[in-house]
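Thanks for coming. Please look at the slide while I go through a few parts of this structure.

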Amino acid sequence: MQQPQRFFHLHMISDATGETLLAAGRAAAAQYKDARAVEHIYPLIRNEKQLARVLDEVENEPGIVLYTVVDQNLARRIDESCAALGLPCVSVLEPVLMVFQSYLGTPAGRRMGAQHVLDAQYFRRIEALNFTMDHDDGQLPLDIEEADVILVGISRTSKTPTSIYLANRGVKAANVPIVLDMALPEELSRAKRPLIVGLVASAERISQIRQNRVLGSVNEDDFNPYTDRATIAREIAYARQICARHGWPVIDVTRRSIEETAAAILALHAKSREIREI
């Protein structure tokens with residue numbers, strides 16, 4: 001018997017953007033299928049006045065408190081307030097900082113938002129995002145050789161969201177659709193530097209996604225090859241044939257999240273770079 005879903009408040013207090021907290025909080029909450037977090041995110045909390053307003057909200061809607069605050073006085077205030085309210089609270093970064101301190105033999109600099117400084121890596125991500133948006137869905141200008149990764153696949157195989165995720169990791173990613181019985185652009189076959197990866201999924205999964213996309217736009221009694229599983233199966237077979245002909249690796253994304261697909265692509269990219277450097 002399925003238990004009723006429980007809801008709980010999850011307060012996340014950060015002196016930066018809160019991205020680290022959000023990822024950690026959601027990863028932990030995902031392990032509890034019968035409980036759903038009501039998220040409260042408080043970014044850029046850097047002084048007593050800002051924190052006081054946050055703690056008032058925590059008191060009004062009690063729950064779990066996670067925080068990434070490097071100012072020791074503010075961190076102590078959060079700990080003391082949660083203890084007084086009988087609420088659990090965790091400094092998400094503190095255990096990690098202690099490991100770094102123990103290994104490196106020196107305390108952390110305690111800089112607010114240090115991971116978001118405008119360094120070379122930041123500008124590389126911005127450049128990668130601009131490149132990816134300019135090379136989405138088959139847009140192949142003359143600079144395609146500058147791509148790090150090119151994703152190919154039939155419609156609804158998560159090419160665009162995976163490309164954007166890779167760009168956020170500083171990887172210049174382009175994507176090209178494979179259309180049944182149509183040749184791919186010549187620029188693609190001539191590309192030497194980029195890693196080209198084929199994305200596929202099961203016909204059932206792709207059909208389901210496509211049906212959701214066209215829901216209400218066509219008569220259900222009309223035959224629609226876009227959502228027909230037999231037609232989709234032909235598209236998948238055609239895509240696999242193209243990848244096999246060119247020796248491109250193929251990733252089945254049926255049961256993979258965008259993050260898992262991107263991780264597999266990054267591993268392939270690192271391996272291909274090692275081979276080129278030998």
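His40 is buried, because its relative accessible area is 14% and the cut-off for buried is under 20%. Keep in mind that this is a predicted model. His40 sits in strand β2, which covers residues 35–42. Which side chain makes a polar contact with the side chain of His40? That of His9, at 2.8 Å. If we set aside neighbours within four places in sequence, His40 is in contact with His9, Leu10, His11, Met12 and Glu61.

Now the sheet. Strands pair through backbone hydrogen bonds, and the pairing can be parallel or antiparallel. Here four strands form an open sheet, in the order β6-β5-β7-β8, and the pairing is parallel. β6, residues 173–177, and β8, residues 250–252, are at the edges; each has a single partner strand, so one side of each has no neighbour in the sheet. On average, neighbouring strands of this sheet are turned by 25 degrees against each other, direction ignored.

Strand β5, residues 149–153, and strand β7, residues 195–200, are joined in the parallel sense over five bridges. Leu151, for example, has Val197 in β7 as its bridge partner. Helix α6, residues 159–168, packs on the sheet and touches β5, β6 and β7. The direction of α6 makes about 170 degrees with that of β6.

Next, the cores. In soluble globular proteins, nonpolar side chains tend to be buried together. How many residues does the largest nonpolar core have? It has 37, and those with the most contacts inside it are Ile150, Val152, Leu166, Ile178, Leu188 and Trp248. At least two residues of this core come from each of β5, β6, β7, α8, α9 and α10. α9 gives the most, with six residues.

Leu166 is worth a look on the slide. Apart from neighbours within four places in sequence, Leu166 is in contact with Val149, Leu151, Val171, Ala173, Ala262, Ile265 and Leu266. There is also a second, separate core of 15 residues, and among them are Leu51, Leu55, Leu74 and Leu87.

Last, the cysteines. A search of the whole structure for disulfides finds zero. For Cys89, the nearest cysteine sulfur belongs to Cys82 and is 4.0 Å away. A disulfide needs the two sulfur atoms within 2.5 Å, so Cys89 is in no disulfide. Cys89 is partly exposed, with a relative accessible area of 23%, whereas Cys243 counts as buried at 2%.

How values were computed: Residues numbered from 1 in each chain as written. Predicted model: local features only at pLDDT ≥ 70, side-chain atom pairs only at ≥ 80, totals over all residues. Heavy atoms only, no water. Pairing = 2+ DSSP bridges. Axes fitted to C-alpha atoms, helices over the stretch in contact; angles between N-to-C directions. Contact = heavy atoms within 4.5 Å. Buried < 20%, exposed > 50% of the residue type's maximum accessible area, 1.4 Å probe, protein only. Polar contact = N/O pair within 3.5 Å; in protein donor to acceptor, adjacent residues only side chain to side chain. Core = buried A, V, L, I, M, F, W, Y, C linked by side-chain atoms within 4.5 Å.
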